[in-house]
Amino acid sequence: MKNTVLELVVRNHPGAMMHICSLFARRVFNLDGILCMPDADEATSRMWLRVCEDERMPQVVLQLEKLEDVYKVSEHGASHEVFSQLECYFRKAVDGSVDPSL
Amino acid sequence: MKYTGAEIIIKLLERQGIRQLSGIPGGANLPMYDALSRSESIRHILARHEQGAGFIAQGQARITGKPAAFFATSGPGATNAITAVADAKLDSIPVVCITGQVPQALIGTDAFQEIDTYGLSVPITKHNYFARSARELLDIIPDAFRVAASGRPGPVWVDVPKDVQDESIEIESWPEPGGLDKAPEIDPAKIEAMAAMIAGAKRPITYVGGGAMHSNACELVRSFIEKSDTPAVMTLMGLGAIPMDDERSMGMLGMHASRFTNKALEECDLLIAFGARFDDRATGKVAEFCPDAKIIHIDIDASELGKIKNPNIGMKADLGEALSFLNDAIEKSDRSEWRSRVAALKAEYVEEPRDSEDPMSPYGIIETVGRMLKGEGAIITTDVGQHQMRVAQAYPFERPRQFLTSGGLGTMGFGLPAAMGAALEDPEATVVCFSGDGSILMNIQELVTAAEENLNVKIIICNNNSLGLVHQQQDLFYGKNIFASKFSSHVDFTQIALGCGVAAYDLSLEEDPLAALTEGLRRKGPVLINVPIDLHQHVFPMVAPGGANSEMLHSNI
C-alpha cells in the first residue's frame, strides 16, 4: 500500500499526542509511523505521521483538522525525508547494517 | 483580590450565564461545591447519579441551544458521567462537564477515586482539558464554552485536580465569557450552483437533520421548502424542524419511516441535505439510498461532507447563513406534479390502522397525549426503544426543540433526566417523558430529584414488561428465539413513584383511563403514569438492520 506523510502543527501539551492517536484508532485509520518534536518556541509541536494513502485520506485530514489541538495539517509525498532518514537509524538499531551518516 | 481555583470556576460560570447547574459532590470536587454554596446566582440541582446530572444538563442545552454545565467528582463520578457526555457528542449537544480530580501529587499512584478522566474523555468529547494551575482556568473555562457552542456543538470536559481548586491566586480582571467562533464564509458561486441544480431537478426532496435545530435555521428551512416546493423528510434529530402536519412534510425517513416516505426517496432525483449526516438508521443500505439522486449537502462540519455519500455540491457553512443566501437565489417553483406523485405513493402504501383512540394501546397513548396537548407547546422527551420510534412516527410535533431524544447513542435512561433539564429551563411548560418499563429503570433514581425540585414532568411508561425492541428483533430476525428480553417480575412503578414523592396513576386500574390521563397531565409537579400495552404489536414499518430502505416490513398480520 502506498504511504503518505502528514505534517501537523499542534498545541504543545501532554494530551495532544493522545488526541491524535485516539482519532486514528477509533476511526480505524491506518498509522504506521509517528515522530513528534516541540517547535523552538515550545508553544507548538510538529508531528509527522506516516499513513496509508487510501480513498479515506480526505476524511483523515478533515477529522484531524477538527481537533482543537491541531492548528495545521499539510500533506507530503511518501518520500518525505523525515521518515527516510529515520529509517537509516532504525535499521542500524536493528541489524547494524546501515551507516547512520548516510 | 485573591481567589481559589474553585472560586474562579464558579465566578467564570456565573459570568458565562450559568444559572442552574446539576451535579453530585464527592471528595475531589468539594472545593468547587464549597465555592458554589456561596454563589448568589447559580442554583444547584442535586442529582442522584452523575449520568442523571449529565442528562439534566443535556435537557437544558437541548431546549435552550446554549451550553449547560454539570459537576461530578473524580473516579466513579467521572465514569458515571461518561454515558451522558458520549450521548451529547453523538447528538452534537453543547454540555460542559467539570470534574474534580485527585491532587496532582497523587496522580499516577492509583490514588483513592483516581481514574484517567482526561484519557477516558478523549474519544467522547469535542475537546477536553486538564487544568494544571488555577491561572490556567482563566483560559480553560471560557474556551470550554466557546468550543462547546461554536461550529458543530458538542460536549467539552474539564478535569480539575483538587490542589488546583485549592490554589489561591491574585486576580485583577476577568476574561470575557466564551463566545462563538465566526461562521465560515459563504461562497456565492456555490449558492448559484445549488440554485441552478435545484431549478433543474424534477423530483427533489429536502432532507433535514438536527443541524437545522442547532443553527436555529428551521424558519429558513420552511421558507426554502415552500419557495422551492419540495417535499421534506426529517431525521430523528430533525423532527420538529417542520410541523408534522405541514403539507410538504413526509415525516421521518429511514428505518421506521412510513413506506411512502422511503419510496419517494427512492424516486427522487435531487436530495438536498441540510445539517444531516447520512446516519445508517436514516439511509439503510447506503448503496441503495436515493440511487438516482444528485446530492446537495450543507453542513457546518466539513468532515460530514462526503463521509458517507459524496455530494455533487457540498458546502461547509452555518445552515442559517447559507439559507439566507440560498432562499434568495432559488426561483419560486411549482412542483405539483412531483407532489402529486408523492401523494399517490402515500395513497398506495397505506399503513395499518393504529388504534389511535385507545389510550391503552401502544400508539394510542402517544396520539391521545398529542391530541390533548396540541397547540400548548408541550416538550416531549423519550427514552430508547419501541416507544421512542412510535413517538417519532405518531406524535404531532409542531416546532423546533420540542422533541428531545437520544438519537446517535441511543441511551436508555435519557428520557427522565432530560425532561427534568427541560423543565428547569421552562418551568411553565408541560414536559412529557415517554418511556418504557426497560428504559425508566436505567435512571429511575432521578424521580427523587424531580420530586425534590417539584419539576413539571409527566412520565408515561409504555409498559409491556419487556425490552420491547429487542423482543421485536428476536421475533422477526432470530427465529422467534425470545431470550433475555422478557421480565419475569412485574415492577409496581406507581409504588416506586409514591416512594420517591411523585404522584402516580396506573391506567389499568382506572375506571376511566382517559380521565385519569387527563388529570395526570394537568396536575402540577412530577407525575408518573403507568400504561400497560401489548407486547406483541411490533413497531412497523421497519427496515431490517442492514437492509435497504425500499424493503420494509410493515404488518403485524
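Here is a short chat about a strand, a helix and the contact between the chains.

Trainee: Which residues of strand S15 (residues 379–382) of chain B are buried on each side?

Mentor: Keep in mind that this is a predicted model. In a regular strand, side chains alternate between the two faces of the sheet. S15(B) is covered on both faces. One side has B:Ile379 and B:Thr381, and the other has B:Ile380 and B:Thr382.

Trainee: What stands opposite B:Thr381 in S16(B)?

Mentor: S15(B) pairs in the parallel sense with strand S17 (residues 431–436) of chain B over four bridges, and there B:Thr381 faces B:Cys433. With strand S16 (residues 403–404) of chain B, S15(B) also pairs in the parallel sense, over two bridges. The residue opposite B:Thr381 in S16(B) is B:Leu404.

Trainee: Why are the buried residues of H2(B) on the same side?

Mentor: In helix H2 (residues 30–37) of chain B, the buried ones are B:Pro31, B:Met32, B:Ala35 and B:Leu36. They end up on the same side of H2(B) because the arc they cover around the axis is only 140°.

Trainee: Which helix gives the largest share of the side of chain A that touches chain B?

Mentor: Eleven residues of chain A contact eleven of chain B. Helix H1 (16–26) and helix H2 (57–66) of chain A each supply at least two residues of chain A's side. The largest share, five residues, comes from H2(A).

Note on methods: Residues are numbered from 1 along each chain as its sequence is written. Chains are lettered from A and ligands numbered from 1 in the order in which they are written. This is a predicted model: local features need pLDDT of at least 70, side-chain atom pairs count only at pLDDT 80 or more; totals for chains, interfaces and linings use all residues. A residue is buried if 20 or more other C-beta atoms lie within 10 Å of its own, exposed if 12 or fewer, and partly exposed in between; C-beta atoms are placed from the backbone. Two strands pair if DSSP finds at least two bridges between them. The arc is that of the directions from the helix axis to the C-beta atoms. Two residues are in contact if their C-beta atoms, placed from the backbone, lie within 7 Å.
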